[in-house]
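Subject: Structure for your review

Dear colleague,

Please find below the structure that I am handing over to you. I would be grateful if you could read the notes that follow with the coordinates open.

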Amino acid sequence: MEFRLLGPLEVWHGGRQLALGGAKQRALLAALLLRANQVVPADRLIDDLWGDQPPGTAANVLQGYVAGLRKALEPGRARGAGHEVLLTRPGGYLVRVGDDALDIQRFERLAEHGREALAVDPVIASARLREGLALWRGPVLADVADEAFAQSEIRRVEECRVQALEDRLEADLAMGRHTDVIPELEALVTEHPLRERLRGQLMLALYRADRQAEACDVYHRGRAILNEELGMAPSPALQQLLTAILNQDASLTPPLRVPSSELDPQVASTPPVLHNLPAEVTSFVGRERELKEVEHLLTGARLVTLTGAGGSGKTRLGLRATAHLLLDYPDGVWVVELAPLAEQALVPQAVAAVLGIREQPPATINDTLLEWLRPKRLLILLDNCEHLIGSCAELAYRMLLGCPQLRILATSREPLNIDGEVAWRVPVLSLPEAGATPAIDTLGRYAAIRLFVERAAAGVPSFALCADNAAAVTLLCRRLDGIPLAIELAAARVRAISPEEILDRLDNRFRLLTAGTRSAVARQQTLRATVDWSHELLDPDERTLFRRLAVFVGGWRLDQAEGICADEALPANAILELLARLVDKSLVLAEPNVAGSTRYRMLETLRDYASERLRAAGEEMGLRGRHFRWFLDLTETVYDQRMATGSDARLTVLEADHDNLRAALGWSRDADPQGALALAGALYDLWLAGNVVEGRRWLADMLAQTSDGSRARARGLIAAGQLAMIQQSHGESRELLEAGLDLAVGQGNPVMESWARTTLGLLAWMSEDLAGARTHLERSVPLHEALGDRFGTARSLIYLGLTTCFAASLDQGRPGLERGLDLARQVGDTWGEGLGLIFLGIAEIDAGERAAAESRFRAALAMRMLGPILAGPLDGLAELTCDKDPERAMRLSGAADSVRLRKGGVRPAILVRRVKAVRARIEQRLGPAAAERAREEGRQMTAEEAVAYALKR
């Protein structure tokens, strides 16, 4: 067990910092440690803690503090076992401290060894003194510095520190390092103007650096200060040094500088810079671009705040960035850790403590700090500002105004929000795109995956990324949002279970991810503790909105949050301000999109946490009901506009909320099956745009749960029949469509009747029943026209023209096809227009009009159509080029296979024969092996790559 007093009080055991409790309990431990291995009477401890006015129950309270400390210091002690650290002795208590376990004792031993070595070997002296001084993390007993019992010890140990600094500087001067130590000596002389040894060392270093005039000036300034404050002259030793400098005495000649190769390794590796940056004990993965960005920002801005969700790596990035900048700040780079502080007023004291500054009454600590900082060129890292945001903002602003060479890097879950600040959100670690499956040898490019593998291998040295676990690791890192802390906690579980098993259990991530290292601060040892820290900083209204936003899946817009999350307790006009505050606090992400509106989303980890809070508040069912009704209204509106105008422009509105629509369907399946059927049927165009399988599943489920004769059921039957047709399930499609037609006729619902006949006509064409197709379509056209339905009319005309082309000739079918195409363009029906172009192109191939057909197919591709029909023009161009460029043709045909597979479509039998014939011709030209190789190359293309390839001449 290691006890640390050279800075804030800390106790470490097994690589883990122990939580020591409140201020009085910590003060008690400090009082015992200052008399380590000695019995301290209880009365003395009561005096230490409460002075002259102890409470009447002081003895009982003291016993409670002792019990609390014992629990903190021996967390693994078995029930009934004796205590080993904090012991009870007759009349008092004793803390047992092993050799070198208390940093003050270790420092004093090293300082003494260094002092003894000065006259013998300055290299060894410097090494030992540096080792001792490196133990200091700030002013001794920084968090109990105001306690009376600590005052004399603080003064004593602080004097030892300054003496050790003087000794170390003496050793450095003896080694010829006078140039290196000048900046440090200048800072120390300013801080301790009455210490003549430091002043003499600075004079000697300046003289040896050929700066004789400056050395003399240092003497004269010191003499003026001594005279003004103490009415004294400089000591004889300092006067003699001045005389020697003026006479250029040979005794002042600098020794030869000791080469680095001859130095003690610890001395040789010590940079001539000031800092308190901790050493890194684990690898720093990725973040190359982010590091450059932060360093660049600090060259232009004097305050940069790194923001981001808990566990996103703000502190680690800040520490690495400041380490890269050490040489740019001659007065040092200093880290001020604010997480342990609980009171706003302690922020200035924490900064002063790190810098070794003490209050100089009657000046306040703020004034003393600003006065000390004013001439300095240094960088301060204010780490974990979020819970002290007001005080941090105030102090940072004052320091920036009064200290022109100061720069501040802050880490916080929200910006400080003061003039001159540049807030920069720390991104999550890089990940493969959703749905992508990169090759194993390329996964190492992604920082999230690399971090998981490295941390997993630290616990299980044999662990490596391989074909068996690559998919699970990739999906796991994606579901953990690329958050470094979450990934490290998951990787720690590899000691017990596989990545696949971790992934299976990720729905309970807050129970699963609890294996943080003991060296981590308490709030980063579990995923829940990290998010708890952020949640506890929210005010009541922010907490309410935060948990209610969990009802959204995949993101939301402002109007959706206002329409769903608001109620009497949380009015709609308050949502914008609260949402902005949650964005500032890194609990919500704001993402402007191409349409100019902003979408918001939560990381999955935060949404899971908010969902727990929503359930605990008893609001889940009510919010999910409002969410369902809002999206049902939206979908019905989009559907009605589509049916009225024919334009599919608003389909993007539904696509943006696909995940919300799934969630609404999932909730309503049990809570409101009739409403779920209405929603599933109204989403027909979304299903058609590449989600055919999903749409069929939802519609089949909802139709099975309901049996009424509503209009929603008629629409659902027809939509289900249309999707079954797309996948060439002709029997099922016909059954559904005919049931929908009968219901629509019985209802007197001409809209659904007309669409049922239109779709039955297309189904008949696909089944090669051209007479049946013509019968249905010739009846559907006048039905649509009677309704003024240009959208439906366009579709029926296109299908009728296609049927006529196949049943008779292109000349007879083309007029109807072109009229349908023209109508589709007028109403903005890109799906119908694309389908018409494909059908017309096929007919033109059969008529020998190959140039016209190619133009149709290229025009269809240029429209960037949605859904499986995108494969149609790829098949058409493959047929046109199979003789001239068979390899290209087979790639296009393979790409068409891939598009249909991914979008949920199946080729109609009438087209399957054409594709088989084309591929047979290609195989004759290339041979089976080469043809299959080209086809596989096409199948590996994404839809975007296939379109680009096809349009390239």
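The notes below go through strands, helices, aromatic pairs and some individual residues in turn. Please bear in mind that this is a predicted model.

Strands

I begin with strand β7, which spans residues 303-307 and is mostly covered, with 5 of its 5 residues buried. The burial applies to both faces: Leu303, Thr305 and Thr307 are buried on one side, and Val304 and Leu306 on the other. Two neighbouring strands pair with β7. With β10 (residues 407-411) the pairing is parallel and runs over 4 bridges; here Thr305 is placed opposite Ala410 of β10. With β11 (residues 421-425) the pairing is again parallel, over 5 bridges, and Leu306 is placed opposite Trp424 of β11.

A separate point concerns an open sheet of 3 strands, ordered β4-β6-β5, in which the pairing is antiparallel. Strands β4 (40-41) and β5 (86-89) stand at its edges with a single partner strand each, so one side of each has no neighbour in the sheet. Between β4 and β6 (residues 92-95) there are 2 bridges in the antiparallel sense, and Pro41 stands opposite Gly92 of β6. Helix α3 (residues 58-73) lies across β5 and β6 and runs at about 140° to β5.

Helix packing

Helices α18 (residues 447-459) and α20 (residues 484-492) pack with their axes 8 Å apart, at an angle of about 35°. Their crossing is right-handed. On the α18 side the contact is made by Ala448, Leu451, Phe452, Arg455 and Ala456, and on the α20 side by Pro484, Ile487, Glu488, Ala490 and Ala491. By class, the residues of this contact comprise 8 nonpolar and 2 charged, with no polar ones.

Aromatic pairs

The structure holds 11 aromatic pairs. In one of them, the rings of Phe107 and Trp136 have centres 5.5 Å apart and planes at 85°, so the pair is edge-to-face. Phe107 belongs to helix α4 (residues 103-117), while Trp136 is in the loop between α5 (122-133) and α6 (148-174), so the pair ties together parts that are 29 residues apart in sequence. Both partners are buried: Phe107 has a relative accessible area of 0%, and Trp136 has a relative accessibility of 12%.

Phe452 and Phe463 are buried. Elsewhere, Phe552, Trp556 and Tyr600 form one aromatic cluster.

Individual residues

Phe149 is located in helix α6 and counts as buried, at 11% relative accessibility. Leaving aside residues up to four places away in sequence, Phe149 touches Ala27, Ala30, Ala31, Leu34 and Asp48. Phe149 and Leu45 are 104 residues apart in sequence, yet their C-alpha atoms are 9.3 Å apart in space.

Glu184 is a residue of helix α7 (residues 178-191). Its relative accessibility is 15%; the cut-off for burial is under 20%, so Glu184 counts as buried. With residues up to four places away in sequence left out, Glu184 touches Leu165, Arg168, Leu169 and Leu274.

Backbone angles

Most residues other than glycine have a negative phi. Two residues may therefore be worth a look against that background. Asp210, which is not a glycine, has a positive phi of about 65°. Asp210 is found in the loop between α8 (196-208) and α9 (212-230), and is exposed, with a relative accessible area of 73%. Gln728 likewise has a positive phi, near 60°. Gln728 is found in the loop between α34 (711-726) and α35 (730-747), and is buried, with a relative accessible area of 17%.

With kind regards

Notes: Residues numbered from 1 in each chain as written. Predicted model: local features only at pLDDT ≥ 70, side-chain atom pairs only at ≥ 80, totals over all residues. Heavy atoms only, no water. Buried < 20%, exposed > 50% of the residue type's maximum accessible area, 1.4 Å probe, protein only. Pairing = 2+ DSSP bridges. Axes fitted to C-alpha atoms, helices over the stretch in contact; angles between N-to-C directions. Left-handed = near helix turned anticlockwise from the far one by under 90°. Contact = heavy atoms within 4.5 Å. Nonpolar A, V, L, I, M, F, W, Y, C, P; charged D, E, K, R; others polar. Phe/Tyr/Trp six-rings, centres within 6.5 Å; stacked < 30°, edge-to-face > 60°.
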